[in-house]
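Reader: I am new to protein models. Could you show me how to read one, feature by feature?

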Amino acid sequence: MSVERLRIAVQSKGRLADASLSLFEKTGLRFRRDKDELLFRVEDQPIDVLRVRDDDIVQFVLSGTCELGFVGANVYEEALLDHDRPDTEIVARLGFGRCALKIAAPRAFDYAGPKSLAGLRVATSHPNLLKRFLSDNDVEARVVELAGSVEVAPRLGIADAVCDLVSTGATLEANGLRAVDTVLESEAVLVGSTRALSGELGEAREKFLRRLDGVLATQGTKYIMMNAPETAIGEITEILPGADAPTVVPLASRQGSVAVHAVCQESVFWETLERLKAAGASAILVLPIEKMMM
Ligand code: ATP
Ligand code: ZN
C-alpha cells in the first residue's frame, strides 16, 4: 500500500527559494534531494517538497496537487482574483520576501492621486490587482500586461506608468521612475487548501504547522537576562520590550539582588540595554531563541 504524502510547493529558484527552504530546515525537516531537484523527500515524515516556478504554486494548491505552498502574497492575491470561490487561505505570514506592489511613474510625471492615471497606459505583471486598484479609485486606464521587465516599459514607450514590485526602489531609480502610490503590501505567505485532510495527511499537516508556528514565534524574539537590585524590578519590567512576566530569581551571594530572565517579543536595541543599565541592571545578556513551544 502506498503511503500518502503531504505535498508542499516552494519556489525552486528566485527571491523566495532560499528563505523557504531554510524555514523548512528550521522546522527540523531533513530532505533527501533527487537528481532533477524537482522533488525533495522529507526523510522521517510523509512530506514531499515540490520545487516549481512561483507562478504555478497557487494553481497547485487550488487544484489539490499540493496541500500547502510558500508564495508571495502578491502572487496569491493576484491569482485569487481569477477565482470565484477559492477553497484556499493564507495559513501563515512568513516575515520574509517583503515588498510592495506600487504605482511608479517617470520622475517628471506630476502625480496627484490615482485620478492622474486616467486615460493613460499602465504596464504590470499583476493585471488583476491593478484593475482592482483602478476600479476602487474609479479610474479608467489601459492595463498593459507584461510577464516581466515591467520597469522598462515607459522607456520603451509602451506605457506611461507602471505597477510593479518594489523593495528598495533601486530598480525604479535606475529606470528613471519613482514610486507614487501603493497597491498592495506583500511578504511571503504559506497558503493552504481549506479542505479537511484526514488520517496521515492531516496529522502531517498539523505537525508541520505546529512546528512552523514555533519557528515563526521565535523570529525577532530574544531571551534577555540580567542582574538587578530587587527594588528595580518594576522599572525594568516596564523597559523590557514585549515581555509580560519576567522570571525573577534571588542571587545566593548578594542580598537584595536578583537575576531577571525574560522572553522579549520585539527587537532589543542598544537603547533598551542602556535604559536597563540606568535602571540598575548589570551583566545584561541578550540571546537568540532557536525553538519555542507554548
Ligand atoms: P519564477 O522563476 O519562480 O517565476 P519570478 O522571477 O517570478 O520567479 P522572483 O523575482 O524570484 O519571481 O520574486 C518572487 C517573489 O519575491 C515576488 O513575487 C515577491 O513576492 C517577492 N519579492 C520581494 N522583493 C521583491 C522585489 N524587489 N522584486 C520582485 N519581487 C520581490
Ligand atoms: Zn514568477
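**Reading the model**

Author: The site of the zinc ion (ligand 2) is irregular, with angles of 74 to 174° among its four donor atoms. Four donors count as tetrahedral if all angles lie between 85 and 135 degrees; four count as square planar and six as octahedral if opposite donors are over 155 degrees apart and all others between 65 and 115; anything else is irregular. Two notes first. This is a predicted model: local features need pLDDT of at least 70, side-chain atom pairs count only at pLDDT 80 or more, and totals for chains, interfaces and linings use all residues. Residues are numbered from 1 along each chain as its sequence is written, chains are lettered from A and ligands numbered from 1 in the order in which they are written, and side-chain values use heavy atoms, with hydrogens and water left out.

Reader: Which protein donors does the zinc ion (ligand 2) have?

Author: Donors are N, O and S atoms within 2.8 Å of the metal (3.2 Å for Na, K and Ca); water is not among the atoms, so sites may look incomplete. Here the protein donors are Asp54 (OD) and Asp55 (OD), 2.0 to 2.1 Å from the zinc ion (ligand 2).

Reader: Is aspartate 55 buried, partly exposed or exposed?

Author: Buried means under 20% relative accessible area, exposed over 50%, partly exposed in between (1.4 Å probe, protein chains only). Aspartate 55 has 48% relative accessibility, so it counts as partly exposed.

Reader: Which residues are closest to ligand 1?

Author: A residue is near a molecule or strand if one of its heavy atoms lies within 4 Å of it. Ligand 1 is surrounded by 16 residues, and the closest are Arg15, Arg53, Asp55, Asn74 and Ser167. Now look for polar contacts: pairs of N or O atoms within 3.5 Å; within protein, one must be able to donate a hydrogen and the other to accept it, and residues adjacent in sequence count only if both atoms are side-chain atoms. A polar side-chain atom of arginine 53 is 2.8 Å from an oxygen atom of ligand 1. Arginine 15 uses a polar backbone atom, 2.8 Å from an oxygen atom of the ligand. For glutamine 11, a side-chain N or O atom lies 2.9 Å from a ligand 1 oxygen.

Reader: Which residues of helix H4 are buried?

Author: Helices (H or I, at least four residues) and strands (E, at least two) are DSSP runs, numbered from the N terminus. In H4 (residues 127-136), the buried ones are Pro127, Asn128, Leu129, Leu130, Phe133 and Leu134. They pack against several elements, including helix H3 (73-80) and strand S7 (99-106).

Reader: What does asparagine 128 touch?

Author: Contact means heavy atoms within 4.5 Å. Leaving out residues up to four places away in sequence, asparagine 128 touches Glu78, Leu81 and Asp82. Its side chain makes a polar contact of 3.2 Å with that of aspartate 82. Asparagine 128 has a relative accessible area of 17%, so it is buried.

Reader: Where should I look for a positive phi?

Author: Most residues other than glycine have a negative phi. Alanine 283 has a positive phi of about 45°. Alanine 283 lies in strand S16 (residues 282-288). At 58% relative accessibility, alanine 283 counts as exposed. Serine 149 also has a positive phi, about 50°, and lies in the loop between S9 and helix H5 (153-156).

Reader: How is the chain divided into domains?

Author: Domain bounds come from an automatic or database domain assignment. The chain has domain 1 (6-95 + 188-218), domain 2 (99-186) and domain 3 (222-288). The C-alpha centres of domain 2 and domain 3 are 48 Å apart.
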